[in-house]
Structure formats: C-alpha cells, structure tokens
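Hi everyone, thanks for coming.

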Amino acid sequence: METRKAQENVKNPKHKVGYFEKLATHVHDLRDTPPDVFEDVSVTDWSGLSWEQVNRPYKVDTWAEGKKKWEEEHGERMGVKEGWKHFNKSFHQLFIKDVPEEKQQARSTIWKNLMSMDIHGAGEALEELVQLLVWNKVHRVEDAIWDPRGKRALFEGLDVEKPEVLFLGAADGYEAMQLMAQYPGGHAVLVDYDEFCKTDRYGKFPAQYPFLGNNPATGSHKVYYKEDMNIDFVVEDIRNLKYGKEFDIVVSIGLIEHFPDEYKHEAFEMHRRFLKPGGYAILTTPRNQLRSKAFYTVMSDYMNYGYRELMDIKQMGLYAWEHGFDILRAGYIKAHNGLICKVR
C-alpha cells in the first residue's frame, strides 16, 4: 500500500501535453508544438567530405582546478577513469543546486565581503555568481542540457517496437528514459563504470520529471516517469561487456568526443559490437559553437577533467562515415550534434 501511494505521489496531475514549468533546479517541458529546435542536415553527401574541407574538432584545454590539484598531489596525469569520477561528482552538484536561492546567497556574500574589504572573498563569490548565471541560462532558461524537445525530434521515426536499448556511458540515463517514453514497453540497459552514476546521477534523478512519449493504444501522446520504465543499470567498463549483437538501439550521449583520433575506432566499434542487424546507433557530441566554448571556459572547474572535443555536425558525420556507419539522420539541437546511423 505504501509503495502504491508513493507511486501515485510521483505522478503530477498538472503534467499534461503542453505543460511547462521552471523549477528551482530544472525545467519541465511537455510542449509538443514547433519549433523542436532540430536542424536537419541529413542530405549531406558524407562520402564526398574530407578533413581538408571540414578541419579537425576544437580541443578543450582549460582544465579544472581540481584536476590540476590532483595531478600536483599525485605527481602524475589524472587517468581517464579517475577524471570521469571527478567529473560526475562535480557536474552532479550543478543539477541539485537551487539556482535562485544560491544566486541570492552569492550576491549577499559579495556585498558582505566588499563591506569588510575582503577583496579576495568578494572575487571568489563573484566567480561563483557568474557560474550560477551561466548554468541558469543553459539549464533553466534554454534547457539545453536535457533538451527534451530537441531530443524527441532527433529520436522520432525509428522503426522499432518495444526496443532493447543499450546506453553506453549512461551517466544520469536521461536519453534512455526519453527513448523508453517514445517507444514504450521496451527495456534499457544503462552502462557506466562509475558507481556514482548508478547511485546518484541516475539513482537520484528527479522521480517527478515528466517525459513526453507515445501511447501505442491510442496513437496519442502520454506522459511517463522514471518509475514506469524497465531499466537496469550495470556498473562496468564498456570494453568488458559480455552482450552480443542483441540491441535494437545503442546510444551514446557525449562519448566519442572523449576519444582522440587514434582511438576513435574503439568508440565506434563499441556501438557496432552490440547492435542487431539493422539496429540503430544514436550518437551526440557537444557542438563547436561560440557559446559552447564560453561554457567550457567559464564552467571549467565543474566540467574539464578529461580529454574533450567540440565538433560540428560535418566533422561528427565524417567520423561516423569513415568508421563504417551509414547516416540516416543528422543535425543539431541546442547544444549537441546528433546522428542516427546503421552499420554499413
């Protein structure tokens, strides 16, 4: 009985198609009217592109202070896995901030420090305020991190029913939940080698966050929640997974840009290895645009613990084409490039 009451409390009667609300930590967006903010460039002739034409991606090299401090203390470069763990804990702190409250506190701290002539303290509080303002714009104003409208548009039209989905480097699992809402009745396996992703980033994902999906019985929209979905979380290195070619969809969100060119083949092979014949690979990467460069500079202490590239969609598409994928859909949403591919 208690479990049923808890489940009923998760479902918000306000969450109907068209609903929009800005909370202190994030946005609920169930609007289904244009624009979905997906720019489609699928007509590109990928076989005709060359690196001389599109150039190589931009490399982010403004490192987090936490990374530099760790390397100084340990006398060695921070490894990939260690960097991912630091990033997850750091990035997660942004998602749980009460942004309006913390902005008010930061402004108050600046004023108090100035009144007491603590210039250093005022400077630190000002830096915190700037970061909060940037995060507020990106996540609560533009909703560019989760971007439900853009991702719904990117994911639409797949020829699958009750799909088996594998999410590589799953972090909070957001995109798997959106796919489960759009293609209900399936099963998703989230994979990440950081236990914190299972316990906190996914484990503490807001239970009342609404995903706009489809109702197969009526052909209309339906709102889903995390509790409605059949999802397993596996803490493991992707390279050690024992699955065969058994998934209808293999998805990665912001994964391949962490692989330098000499390792890109490994990133794409991770997708190919688990796909059923005719299955879909869905990939996104952060866009190479001025606002993205500014974000990774201002927010470097939260974000930059490991190798990262910013790409445009032609660069991303050329990587996929070179590594044996046919591109069915390509385009970009607010902060990410997106590809829907099949193995050639």
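So, how much space lies in the largest cavity? About 40 Å³. Before I go on, a word on the ground rules: this is a predicted model, where local features need pLDDT of at least 70, side-chain atom pairs count only at pLDDT 80 or more, and totals for chains, interfaces and linings use all residues. Residues are numbered from 1 along each chain as its sequence is written, and side-chain values use heavy atoms, with hydrogens and water left out.

Back to the cavity. By cavity I mean a set of points, on a 1 Å grid over the protein atoms alone, where a 1.4 Å probe fits but cannot get out; lining residues have an atom within 4 Å of a point. The volume is the space filled by probe spheres set on the points, which are joined across faces, edges and corners. The count comes to one cavity of 30 Å³ or more. Its lining is Leu94, Lys97, Glu128, Gln131, Leu132, Met299 and Tyr302, and α6 gives the largest share, three residues. Helices here are DSSP runs of H or I with at least four residues, strands are runs of E with at least two, and both are numbered from the N terminus.

Helix α6 covers residues 119-141, and Ile119 is found in it. Is Ile119 buried or exposed? Exposed, with a relative accessible area of 55%. Our terms are buried for under 20%, exposed for over 50% and partly exposed in between, with a 1.4 Å probe and protein chains only.

You'll find Pro210 in the loop between α9 (195-202) and β7 (211-215). Leaving out residues up to four places away in sequence, Pro210 touches His15, His28, Leu30, Val223, Tyr224 and Tyr225, where contact means heavy atoms within 4.5 Å. His28 is 182 residues away along the chain, yet the two C-alpha atoms are separated by 6.7 Å.

Please look at helix α8 next, residues 174-182. Nine of its nine residues are buried, so α8 is largely enclosed by the rest of the structure. Among them are Tyr174, Glu175 and Gln182.

Gln182 also brings us to the second largest pocket, being one of the lining residues nearest its centre, along with Arg152, Glu156, Asn214 and His221. A pocket is an open set of points with protein on both sides within 12 Å along at least five of seven lines.
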